[in-house]
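Hello,

Here is the structure I promised to pass on to you. Have a look at it first, and then read my notes below.

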Amino acid sequence: NSEFFDEWMSLVYLHSNTQEGVHAYICNKLYGMPVARWERYLAQLCVVLVSRPGGALERFIADACSRSVSVAVKVYWIFTAWLDDKSEADPKFAVLQDIRAHCLEAALNGHWEPPFREYLISSHRAVKEAQISRSSSLASLPNGSPPTGSEGLLLRAEQQQQQQQQQQQ
């Protein structure tokens, strides 16, 4: 527990020590670090994980997959590539499959933010504002005469859709 303890030291201790208590302590330290600090060592962490599956490191990586789509994709890619290089007769093949399945399940059931969330929100707002603008422009038409051409068709289709939604509610 020193100021010099970093992600590299975490990796060294995870590799060199086999005690589950030490692994749990180090993984708890990794939780306190920003993802960017330890993510660059993800491949090495996966190597350590395969050598000692089922412990604190597997829980940490699976939890990281549930919190970050980026980590989940990288872990899935690492284990898929590794499986492609192994034969089914290799004793590590089943371990690799199990860990990949555990991490995939964690990712699919996770609570990570969708990529480009800000863009999705802003584009959704822009669409809503455009709809409001169109409906207010319909109300301001002189004598209530509808526009003609493709603009008129679009506006009438939007009005019909809004009426149907209101009737369903």
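Predicted model: local features only at pLDDT ≥ 70, side-chain atom pairs only at ≥ 80, totals over all residues.

A salt bridge here needs a nitrogen and a carboxyl oxygen within 4 Å.

So what surrounds Glu-58? Leaving aside neighbours within four places in sequence, Glu-58 is in contact with Leu-49, Pro-53, Ile-99 and His-102. Glu-58 itself sits in helix α5, and the axes of α5 and α7 come within 7 Å, crossing at roughly 35°. On the α5 side, the contact is made by Glu-58, Ile-61, Ala-62, Cys-65 and Ser-66; α7 brings Ile-99, His-102, Cys-103, Ala-106 and Ala-107. Seven of these contact residues are nonpolar, two are polar and one is charged.

Now for the charged pairs: the model has six salt bridges. One of them joins Glu-20 to Arg-59, with the closest N and O atoms 3.6 Å apart. Because Glu-20 lies in helix α2 and Arg-59 in helix α5, this pair ties together parts that are 39 residues apart in sequence.

There is also a network of salt bridges linking Glu-7, Arg-37 and Arg-40. Glu-7 is buried, at 7% relative accessible area, while Arg-37 is partly exposed at 32% and Arg-40 is exposed at 56%. The N to O distance is 2.9 Å for Arg-37 with Glu-7 and 2.6 Å for Arg-40 with Glu-7.

Enjoy exploring!

Best wishes

Note on methods: Residues numbered from 1 in each chain as written. Heavy atoms only, no water. Axes fitted to C-alpha atoms, helices over the stretch in contact; angles between N-to-C directions. Helix = DSSP H or I, 4+ residues; strand = E, 2+ residues; numbered from the N terminus. Contact = heavy atoms within 4.5 Å. Nonpolar A, V, L, I, M, F, W, Y, C, P; charged D, E, K, R; others polar. Salt bridge = Lys/Arg side-chain N within 4 Å of Asp/Glu carboxyl O. Buried < 20%, exposed > 50% of the residue type's maximum accessible area, 1.4 Å probe, protein only.
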